[in-house]
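Look over the sequence and the fold, then read on.

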Amino acid sequence: MVDFKLTAEQESLRELAHDFAEKEIRPVAWEYDRDGTFPAEIIKKAWEVGLMNFHIPEAYGGPGASALDGCLIEEELSWGCSGIQTTLGCNGLASTPVVLAGSEEIKREYLGRLTEEPLLASFCLTEPEAGSDVASMRTTAVKKGDKYVINGSKVFITNGGYANWYTVYAKTDKEAGHRGISAFVVPRDAGVVVDKKEDKLGQRASNTAAVSFNDVEVPASHLLGGENEGFKLAMATLDVTRPAVAAMAVGIARAAMELATDYAKERVQFGVPIAMHQGIQFMIADMATEVEAARLLTWKSAVLLDQGERNTILSSHAKRFASDAAMKIATDAVQIYGGYGFIKEYPVEKLFRDAKIMQLYEGTSQIQRLVIARETLLPRRAAAPMAHGQGAGGGSANGAQAKSAVGS
Ligand code: COS
């Protein structure tokens with residue numbers, strides 16, 4: 001049976017997130033964007049009311065929310081401000097590899113840190129010379145006795161300047177391409193250096209930093225999954241997190257559509273509100289269809305995860321479609337506002353800038369099309385999906401399941 005009706009619990013979760021976005025995020029969003037203010041106070045409040053770390057399984061102190069529940073929250077918070085939601089949601093990206101492949105001890109320590117205090121974690125995959133082409137990374141991790149020594153630089157790291165710990169991908173076998181990458185948990189106090197904070201076009205309230213590792217030592221037990229299994233762990237992580245990014249894009253798209261709709265009903269030209277003109281109506285109609293379609297793809301990609309199914313192609317469909325829809329809808333919202341849309345005093349200008357990153361981070365729209373094309377032309381056999389650990393009724397992921405999936 002296909003049922004698009006949310007449960008009463010899901011409706012209240014959505015309401016909680018919407019109220020938070022309306023009362024705590026929207027009133028400061030434009031000011032934080034202008035000044036590039038890091039939303040420290042909002043992090044504390046969101047953590048207290050349970051709007052962060054909802055993906056962490058109950059066994060490690062989280063609520064173990066389903067992927068679909070996560071998407072409901074992410075859409076609302078991003079409707080409030082996607083820059084602030086990028087900050088609040090990044091723990092999900094950083095800790096998914098730990099949920100999927102960390103040892104029991106690592107999960108207790110590092111997932112526990114996030115649920116015990118409002119701390120942040122970062123996901124360090126991208127490098128100056130390795131963006132879409134993950135396998136070309138240069139950061140290395142060399143095993144010395146019972147430690148790994150990490151050297152290299154990472155860029156575009158969300159919350160990089162504020163994280164308490166980092167999930168870091170590094171080459172453990174330089175000659176083996178994607179089969180020579182491993183993932184590690186690196187606590188900040190192991191010697192992570194924050195090189196610089198980026199000054200960005202949009203999502204300016206989120207911290208994006210370059211970080212480096214100069215002979216940073218971590219115990220061998222900080223390896224996530226097996227040695228040289230990091231690439232597949234990164235891909236499996238993105239399968240889990242791309243639905244969340246898609247939900248954020250839906251939040252931006254919906255915000256832009258609502259603003260454009262309200263404005264079109266108020267703004268009078270040629271003697272009538274511009275909403276009476278068919279040219280405007282058609283733009284609003286397309287916005288409404290695209291928001292609806294993007295949300296349906298997003299929910300489907302999340303529900304597949306919750307059902308323990310492989311969602312690689314759906315997660316790329318959702319991320320690609322929702323991100324492109326957010327950009328188009330934000331662009332059309334500026335168009336509907338006319339000249340005012342180009343002025344910072346009016347709200348759609350920020351959404352237009354914020355939407356752009358959705359087509360870039362967690363895999364560009366072109367990379368999503370690459371994944372979709374490969375999965376369509378050469379469908380993988382229904383390989384075991386990664387243990388998810390946030391699925392409704394799915395309970396918590398266990399390392400054994402996750403490791404077998406990494407190796408599949
Ligand atoms: N789950 C599990 N394994 C996967 C997988 C997935 N979703 N996708 C690919 N793999 C496996 C493949 O099966 C292949 O396995 P074998 O080594 O057994 O053959 C291996 O991983 C390599 O896959 P592939 O050949 O597709 O790798 P490519 O180097 O061609 O890269 C892309 C694939 C481009 C899709 C990948 O590098 C990517 O997603 N890049 C974007 C990275 C990104 O999103 N960056 C944003 C930073 S995070 S904010």
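Which helices do the buried residues of α10 pack against? They pack against α6 (230-266) and α8 (312-337). Keep in mind that this is a predicted model.

## Helix α10

Helix α10 covers residues 365-377. It has 13 residues. From its first C-alpha to its last, α10 reaches 18 Å. That is close to the 18 Å expected at 1.5 Å a residue.

Six names make up the buried set of α10: Ser365, Ile367, Gln368, Val371, Ile372 and Glu375. Seen down the axis of α10, the buried residues fall within an arc of 160 degrees, so they line one face of the helix. The partners of these buried residues are α6 and α8.

The other side of α10 has exposed residues. Gln366, Arg374 and Leu377 are exposed there.

The structure holds 0 disulfides. Cys81 is in none. The nearest cysteine sulfur to that of Cys81 belongs to Cys90, 15 Å away. Cys81 is also buried, with a relative accessible area of 3%.

A disulfide needs the two sulfur atoms within 2.5 Å. Cys124 counts as buried, at 0% relative accessibility.

Technical notes
Residues are numbered from 1 along each chain as its sequence is written. This is a predicted model: local features need pLDDT of at least 70, side-chain atom pairs count only at pLDDT 80 or more; totals for chains, interfaces and linings use all residues. Side-chain values use heavy atoms; hydrogens and water are left out. Buried means under 20% relative accessible area, exposed over 50%, partly exposed in between (1.4 Å probe, protein chains only). Helices (H or I, at least four residues) and strands (E, at least two) are DSSP runs, numbered from the N terminus. The expected span of a helix is 1.5 Å times one less than its number of residues. The arc is that of the directions from the helix axis to the C-beta atoms. Contact means heavy atoms within 4.5 Å.
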